[in-house]
Amino acid sequence: MVNMNMVQSVNSALDTMLERDNDMVVFGEDIGYFGGVFRTCDGLQEKHGKHRVFDAPLAEGGIAAMAFGMGINGLRPVFEIQFADYIFPAYDQIVNEIAKIRHRSGGEFTCPVTIRTPAGGGIKGGHHHSQSPEAQFTHTPGLKVVYCSTPYNAKGLLISAIESNDPIVFFEPKRCYRGPFYGDPHNVPTWKDHPEAEVPESYYKIPLEQARIAMRGDACTVIAWGAMVHVAEQAIRNSGVNCELLDLQTLVPWDRETVTESIKKTGRCVIVHEAPKTSGFGAEMVASIQERCFYHLECPIERVAGWDTPFPHTMEWDYMPSPARIAEAIHKTQEA
Amino acid sequence: MAGKDATNSPIHIPSAPFRPGDTSTFEQWTAKPTDHSMPAINCSAEETAEHAAGLIRVLSDDNIASGDWNRDISAEDLRLGLEHMVRLRIFDDRMMKMQRTGKLSFYMRSLGEEAVAIAQTMALENQDWIFPSYRQPGAQFVRGRDMVSMICHCIGNEEDNVKGRQMPVHYTWKEGRFISISSPVGTQFSQAVGVGLASQYKGLDEVTISWIGDGSSSQGDYHYALNFAGVFKAPVILNTVNNQWAISSHVNIATAGKNFAIRGIPYDLPSLRVDGNDFLALYSVTKWARDRAAAGFGATHIEVLTYRAGAHSSSDDPTRYRPQDEAQCWPGGDPIERLKSHLIEIGEWSDEQHDSLEEKIDSEVMNAYKEAVKFGDLANGPYPSSDHIFTEVYETVPWHLEEQRKEMKRWRDA
């Protein structure tokens, strides 16, 4: 085990898999010689060769289309979209092509593509460097959607994603690349000494479709993903309520059993995400939970989410769910 | 060198010609100001084949103006162009210093490319629309935008005209017909065709100019723009600014060809390739394209050949992927030095005048900076009210946003 930040653990996952699978290729904008604007591919080209780790022209649609072609012809492409906000020129290729080829070809062609993309706010990136567009992909049959939150789960989940024969959209919370984010912009901790930053240098997997129980408790179930896992953790500590914190990790398909078991125990639930509330993945969770746990619920499920507006620049701390907002939602569930 | 030609690759992966530690040895240009005649403004696309394949220059290597493209630009206008370029360079330096002290989150300089937007905007009429990418802020100086207002946007204070919503350098200025800059690269290029067609539909004498980078030319929007402009004969001037680098991606990864200009011809667009550090040549080709568009003959495609002398942005460190002194090796030189020495050559400028111009602009920028920070900055606030998060999402604020605004205020004011 080595202490790694999330940039290093993503790098380690890619490195490990490039070593194991000669058919895997990694490409994207600025990721070759330079190693990517967030440095997640640093050193990989030098180690594994130009034909396995390379720069692509600045055309997300072209990048996704090339991955589709490589994928159906036996390679295992892993491509990076530099910011999740820039994934939309590739949306048609991802949603209509990559996601659907297995089904539409009667299972004759498959496309084992992994799409890595830094997402979420907290870096003063304005609306084009801060969005968290997971719901735009969870609504697409044929895609699996993963959202990591720590150096440890980033590597384990990314390896599972790369090995998956289904296409995966893999979100990396960019605010957490170099340290967890507890909702206070003035507190900038690193991953040093964090237990979830102890990462094996070698191969390991975290199964997809499995939530992580980040904190155990019996008074309320709090569900989050990405950077919001840490914000929710802070909120729980501040609230003084004995909450169970579930880091969903895989959004599609999500871990029905862990979530159901927890809510049956607590009878209360708060769902947190930084993407806008309307049609956010929280809405899907609420609907599914009430289908499965209606008679165990003691009170309405609370949602704490980003506002239904574009992501702002200077006022981003008034946009992102704060520990205080989450703690209030937790307290509300305790009044019932 | 790290990463360079690391393996025998079974697929072709292009490299940058020079990497850190290398000496950049660009091929020197042989193009001369007398190489290309100026075609009639109603010429066919094919008649510009040699202009697209060659390089239009007005200033020689010694900065003497000559040739068919040498227009009669007054010394006064040339001095004004020089002043705007100096203004932009000093402004950029001040903004970078502010970025380093946290007073703004991010910045992008136009270093080495100052002539592009400044000469080209000066060649237009004031009613023409400017649809920039992020390295043409200089157009705003030409149109007379108040520098304080530009700084207020960059530092995201209460006077920011886009209300703290956009990252720095994503200027919007409707009064100057300067259309809002968007981070997703290339989108403006195809949109510009629509702006131009709307002017034409309304019967107005307006031309639209847009720019895209060599890197962004890989996007579909670049090809949509050329095709739509050709099909609809839109009154637009479409510039591909080939500055050699898109963050760390060398132009070799943007195209296997060596020339962007010639791509316009199959789309039936007259296409010109111009020395982007030659103020006079840029002015001249843009005026030609403006005249052509205004006369109803349609769009022009221009490759502006230049070099990005600075980092991509304040978040970038180009010494990691290119030789540190590569800008000094660029055959096109520096646009400010070239226009300055041309003006000195014709007896219309002097080193002393240049020094006092720099001093004047230094204090102009410093005064604007002091004025702007009175309204707050990113490090210290005050910021635009977060009520602005909820307004102008729609024409009116719908119930769910009204509810969320109240919720936000409850937390903010707690």
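**View 1. Packing of helix α8 on helix α11 in chain A.** Helix α8 (residues 228-239) of chain A packs against helix α11 (residues 323-335) of chain A at an angle of about 55°, and their axes lie 8 Å apart. Axes are lines fitted to C-alpha atoms, for helices over the stretch in contact, and angles run from 0 to 180 degrees between N-to-C directions. The angle makes α8(A) oblique to α11(A) (under 35 degrees is roughly parallel, over 145 roughly antiparallel, 65 to 115 roughly perpendicular, the rest oblique). The model is predicted: local features need pLDDT of at least 70, side-chain atom pairs count only at pLDDT 80 or more, and totals for chains, interfaces and linings use all residues. Residues are numbered from 1 along each chain as its sequence is written, while chains are lettered from A and ligands numbered from 1 in the order in which they are written.

**View 2. Residues in the contact of α8(A) with α11(A).** From α8(A) come V231(A), A232(A), Q234(A), A235(A), I236(A), N238(A) and S239(A); α11(A) supplies P323(A), I326(A), A327(A), I330(A) and H331(A). Two residues are in contact if their C-beta atoms, placed from the backbone, lie within 7 Å. Eight of these residues are nonpolar, four are polar and none is charged (Ala, Val, Leu, Ile, Met, Phe, Trp, Tyr, Cys and Pro count as nonpolar, Asp, Glu, Lys and Arg as charged, and the others, Gly among them, as polar).

**View 3. Packing of helix α2 on helix α3 in chain B.** Helix α2 (residues 75-100) of chain B and helix α3 (residues 114-122) of chain B meet at an angle of about 140°, with 10 Å between their axes. α2(B) is therefore oblique to α3(B). On α2(B) the contact residues are D77(B), G81(B), H84(B), M85(B), L88(B) and R89(B), and on α3(B) they are E114(B), A115(B), I118(B), A119(B) and M122(B). By class, six are nonpolar, two polar and three charged.

View 4. Chain A has eleven helices and 14 strands, and chain B has 13 helices and seven strands. Helices (H or I, at least four residues) and strands (E, at least two) are DSSP runs, numbered from the N terminus. The C-alpha trace of chain A spans about 60 × 45 × 40 Å along its principal axes; that of chain B spans about 70 × 60 × 50 Å.
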